[in-house]
Amino acid sequence: MIPKERIAEILGSYEDSISIATVCSHSSLQIFDGARKEGFKTIGIAIGKPPRYYDAFPKAKPDEFFIVDSYPQILEKTSELAEKNAVVIPHGSFVEYLGAQRFLELDLPTFGNRRVLEWESDRDKEREWLTSAGLSMPKEIDNPENIDSPVLVKYHGAKGGRGFFIAKDYEDFKAKADSGEKYSIQEYIVGTRYYMHYFYSPVTDGGYRLSKGCLEFLSIDRRDESNIDGLYRTGSQEEMRKMGIDPTFVVTGNIPLVLRESLLPKAFDIGEKTVEKSLELFGGMIGPFSLEAIVTDDLEFKVFEISARIVAGTNLFISGSPYADLLDEKMSTGRRIAREIRIAKEKNLLMEVLS
Amino acid sequence: MIPKERIAEILGSYEDSISIATVCSHSSLQIFDGARKEGFKTIGIAIGKPPRYYDAFPKAKPDEFFIVDSYPQILEKTSELAEKNAVVIPHGSFVEYLGAQRFLELDLPTFGNRRVLEWESDRDKEREWLTSAGLSMPKEIDNPENIDSPVLVKYHGAKGGRGFFIAKDYEDFKAKADSGEKYSIQEYIVGTRYYMHYFYSPVTDGGYRLSKGCLEFLSIDRRDESNIDGLYRTGSQEEMRKMGIDPTFVVTGNIPLVLRESLLPKAFDIGEKTVEKSLELFGGMIGPFSLEAIVTDDLEFKVFEISARIVAGTNLFISGSPYADLLDEKMSTGRRIAREIRIAKEKNLLMEVLS
Amino acid sequence: MIPKERIAEILGSYEDSISIATVCSHSSLQIFDGARKEGFKTIGIAIGKPPRYYDAFPKAKPDEFFIVDSYPQILEKTSELAEKNAVVIPHGSFVEYLGAQRFLELDLPTFGNRRVLEWESDRDKEREWLTSAGLSMPKEIDNPENIDSPVLVKYHGAKGGRGFFIAKDYEDFKAKADSGEKYSIQEYIVGTRYYMHYFYSPVTDGGYRLSKGCLEFLSIDRRDESNIDGLYRTGSQEEMRKMGIDPTFVVTGNIPLVLRESLLPKAFDIGEKTVEKSLELFGGMIGPFSLEAIVTDDLEFKVFEISARIVAGTNLFISGSPYADLLDEKMSTGRRIAREIRIAKEKNLLMEVLS
């Protein structure tokens, strides 16, 4: 990973001006809209040519497009971006398109702590982080013969919502498993899904205090996944399976939600524990993150995943949310990121939120 | 129930100042946020210590916490609350935690008509109220042998979303029923669920006129219930049942909705009839209430429940809703309550909205 | 269809003043609210007497009600409406209640191009339009014996969400089909449903440019349909069918959504192609339209319908949406229509947006 000293050096060359740059996808509309609202110039990184859809969203259209031939080429052009005083905002597609290893070496100030990638991208380390923080996760099952309740089976090569299946028992597992593939098995928790959008600020005073900085709760969504979230209309997964239509889990959009208010203390508790453990393990996860949990009918959160940066579900809340509105007006997660950079800059603490 | 004269007496001691007090849960964020927007001081009643989650929502953090050891202790401390000029806003958790009987005796001015509890908490009286008002409800079935269409069976001790089951016919009923338990059986209506949030103001001129005051329509949600609203993803309830996973109906959150506009006249009609009948039966249900209905494919409302105070589904609409926005800006149900108190106070009609 | 010259003539008589008129249903609240926000007088056309529900929504209550005995009577009273300088905004209920043929002859300026009706109301012409534009639609199957994957069967008389069924295979088709009825069969696409709300403006400069004018993307909803969207809770469609409860698809409301951002370029592409082809085929579809699509787990849009005017799903977004907010503040589709009329008027291009 690129050393912090190098980032500080680049940042030193920016003098007083910062531009917010990100890849044109995922949650870029709110990132650009929010950055502009906080007074920053914006740069949209795109392949080949400027995407036309920004023309329909003038408030979110970046001030400038930075065109590359391919994502890896971004690495070759970092000095050009540095000349434009770019601070990079990572999002899921940015990291995925560039590749985690390349992202770690990106020779530009990026928002957040890049070291989180090591803990987030490896399922075992992610589990170590969250369970050692005290969060409850679905159990892992090593031997399929031990399946005694519904399980979620995930092939090692699973990607983009495919390569999963739900098995009710060992028989069902055997019937559905592809013997040639490696897989992991975890308990399938039945309940309702909440993707909770937190923001950890190491430089903000007041608020919900952590050992350092504070924790905010900005919004909640539920991922809308094809085909599983449309499959119920056909009446029977089993019959669909016989016709060759298996359940898949490809994210196509997001639906807004609020959480029962009496669950908020627990939601803050798990958010707090996750941040505190991150401070201990790798210097802290900075900025937006999402805990993705099933709420059981015992009203427990079973966390099945963490996303350690802005998630696309926040796209619902570009003008605020039932939670963010109690903090400030018209505060999207994208805007909150820009504000964090602005606050850190004003306090001369930029290196606390960049890496 | 505490006599109205006593409430008027306490209120008399408040002189010109009122504080809005409620228990820190359920819909308290919007109640405090709304009260502050309408110019009131706010008091959060909490057990043991102030809940930390308000620190993350500064606009909704009460001006003061009022700490008790247990909910029943609130009754012993009413004079302290009266010294703070507290007007209590009841919500579902408040009434449940305190207990309906204790709530009736609470020696403090409370928003709304406490007499509604008698009609709301008893299933038979609730049915009497709503059906005599002319609303259509799911039929009750006295003898399980008469089950000839899907039914919802509810054990008498059912609480918090458990103790229900759906039976398709008498055979299914026999297979699922626990012989030791008492139960009630009602027709299971298949359709889409709408939890409609009304507001009845006895002191507002203009608007949708009732025999006295007016009716408002603020928003709609759908309760999100664990595990039933996640169960479809497993493909088969029947197979889950075999694995020991039965459907449960525990509220975990809420999803926003709008209603087909051509159904609004019917929605107002049933709201109006419910209020008019309440005026006749017990002097009227004041303030927010919710009719919870299935809309069938014949576009009829089958009302399965009434909540005679603010419901948690309104938490979605802390900055307004597609309906409330046509009435006024940024009007949550919590704020609407505070405004009602403000209007009543200005008109010297406080005792019309308190009990 | 009424000649454009006649419309221009009526419009000539309006001098400088325009009133926005529509039938009191469907999406009329936002149409009136939006028209007022853009400075227009509003006229609500209603049967028998003014609908009371507007009293609860003062911002959306039309300035004046225009009462008729029946919808066809509107045709006899067009001169009265013309005297009031009425420009008519069509919506789904308006066209349905009046009848498409009568709507074509309505002797009043109406927003949009009435010629679109010919292409939209005939399933074959609709398919010709959309497929020749390059959109992907569910395949049609001429002979039921060729059913080799799930299909949606629609009786020719199907109306209002009834008269459809899903068949898994030919056997299932035979078991469910009513032999006396004519039907059409199309591929049943399993995936998530997005009802995308576009706006085509022939008179706006800038934005997402088309060969003429520009394309906007205002919001997305999902229709909530009774009983199909509640049926999953019963556990089994098959068992419900045995009890005489068949799936139906009657719209009762709408749920808000956003689309995965990486799908926006495709969403614009299909919107653009649809408009460009409409310009070629019949002079263009003006104003709001909706493409209603399944997103498959291959992230492809399978368009199953077009609505060539304001759809009721936009009722969710009366104060803006995650998309419209990036264009302008508090922009509903109803308001966007009024603004289009205002812009066209200011540019002396009214006949470009009326017919």
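How far apart do the C-alpha centres of domain 1 of chain A and domain 3 of chain A lie?

Tutor: This is a predicted model, in which local features need pLDDT of at least 70, side-chain atom pairs count only at pLDDT 80 or more, and totals for chains, interfaces and linings use all residues. Residues are numbered from 1 along each chain as its sequence is written, chains are lettered from A in the order in which they are written, and side-chain values use heavy atoms, with hydrogens and water left out.

The two C-alpha centres lie 38 Å apart. Chain A is divided into domain 1 (1-110), domain 2 (113-137 + 191-225 + 252-355) and domain 3 (144-190 + 226-251); these bounds come from an automatic or database domain assignment.

An open sheet of chain A has four strands in the order E5-E8-E6-E7, paired antiparallel. Strands E5 (140-141) and E7 (162-167) of chain A stand at the edges with a single partner strand each, so one side of each has no neighbour in the sheet. Strands are DSSP runs (E, at least two residues), numbered from the N terminus, and two of them pair if DSSP finds at least two bridges between them. Five bridges join E6 (residues 151-159) of chain A to the antiparallel E8 (residues 183-187) of chain A; Lys154(A) has Ser184(A) in E8(A) as its bridge partner.
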